[in-house]
Amino acid sequence: MLKKTVIVRPELCVGCMQCMIRCAQAHSQSKSLACAIREEILAKPRIHLGVGPENKPFPNKCRHCEPAPCQEACMPWAIRDDIAQGLKIVDPTRCIGCGMCAMACPYYVIRFYQDAGAPERPSVAVKCDGCHERVAAGAIPACVAACKTGALTFDEVNLYLKQGTNRLANAVYGVKA
């Protein structure tokens, strides 16, 4: 059985940015939106909205590549794959903020901010961690929970692709799915 992941369907995104807000909230110390905006070190989102053709929004997040160019470029080995299976997670206590990971990332998803996990450092790499703590507790990633249009879902990739194949086959034969 494959591990579930966040699946992005940009054609369904309306650009509401709720995924970004709830992601930052989930990574805050308090986990409460009302309290998170008052924290000394503000949590930042790990998902970002880009602007595509015709000014359409494009939700963009880490793909946790295998092999991961960001991990291979990380000199202090701050991007780890031993925290949660299938995920490349930044250890802020190891990150020196050199930017090598961001330069190696083909998806432009790594940002640099001050992080509560390493408050003594001016900035460290911040990227999607798959909400591994939420998932381990039986919840879905915060960005998916916030998305009301279905642009972000949490599922097995092959199951999603099978459903897509079935939709395509039905469309070819003129059957409504």
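I started with aromatic pairs, for which ring centres of Phe, Tyr and Trp (its six-membered ring) must lie within 6.5 Å. The model is a predicted one. How many aromatic pairs does a search of the whole structure find? I found 0.

**Charges over rings**

I then looked for charges over rings. Arg 63 lies over the face of Tyr 107, and I read 3.9 Å to the ring centre. Lys 44 has its charged end over the ring of Tyr 113, at 5.3 Å from the centre.

**Salt bridges**

I went on to salt bridges. The structure has 8 of them. I followed Asp 91 in particular. The side chain of Asp 91 meets that of Arg 80 in a salt bridge, 2.9 Å from N to O. This pair links distant parts of the chain. I placed Arg 80 in strand 4 (residues 79-80) and Asp 91 in the loop between strand 5 and helix 4, 11 residues apart.

Asp 91 also meets Arg 94 in a salt bridge, at 3.7 Å, N to O. I noted a network of salt bridges that links Arg 80, Asp 82, Asp 91 and Arg 94.

Is Asp 91 buried or exposed? Asp 91 counts as buried because its relative accessibility is 12%, and buried means under 20%. Arg 94 is at 37%, so I logged Arg 94 as partly exposed.

I also checked Glu 120 and Arg 121. They form a salt bridge, with the closest N and O atoms 3.7 Å apart. Glu 120 is exposed because its relative accessible area is 59%. Arg 121 has 23%, so Arg 121 is partly exposed.

Next I took strand 2 (residues 48-51) and strand 3 (residues 57-60). They run antiparallel and are joined by 4 bridges. I traced His 48 to Asn 60, which stands opposite in strand 3. Gly 50 likewise stands opposite Phe 58 in strand 3.

**Surface patch**

I ended on the surface. Met 75, Ile 96, Met 100 and Met 103 form a nonpolar patch there. Together I logged about 430 Å² of accessible area for these residues. I located Ile 96 in the loop between strand 5 (89-90) and helix 4 (100-104). Ile 96 counts as exposed because its relative accessible area is 51%, and exposed means over 50%.

How values were computed. Residues numbered from 1 in each chain as written. Predicted model: local features only at pLDDT ≥ 70, side-chain atom pairs only at ≥ 80, totals over all residues. Heavy atoms only, no water. Pairing = 2+ DSSP bridges. Helix = DSSP H or I, 4+ residues; strand = E, 2+ residues; numbered from the N terminus. Patch = residues over 30% accessible without salt bridge, like charges linked within 9 Å, V, L, I, M, F, W, Y side chains within 5 Å. Areas by Shrake-Rupley, 256 points an atom, 1.4 Å probe, with all protein chains shown as cover. Salt bridge = Lys/Arg side-chain N within 4 Å of Asp/Glu carboxyl O. Buried < 20%, exposed > 50% of the residue type's maximum accessible area, 1.4 Å probe, protein only. Phe/Tyr/Trp six-rings, centres within 6.5 Å; stacked < 30°, edge-to-face > 60°. Lys NZ or Arg CZ within 6 Å of the ring centre and 35° of its normal.
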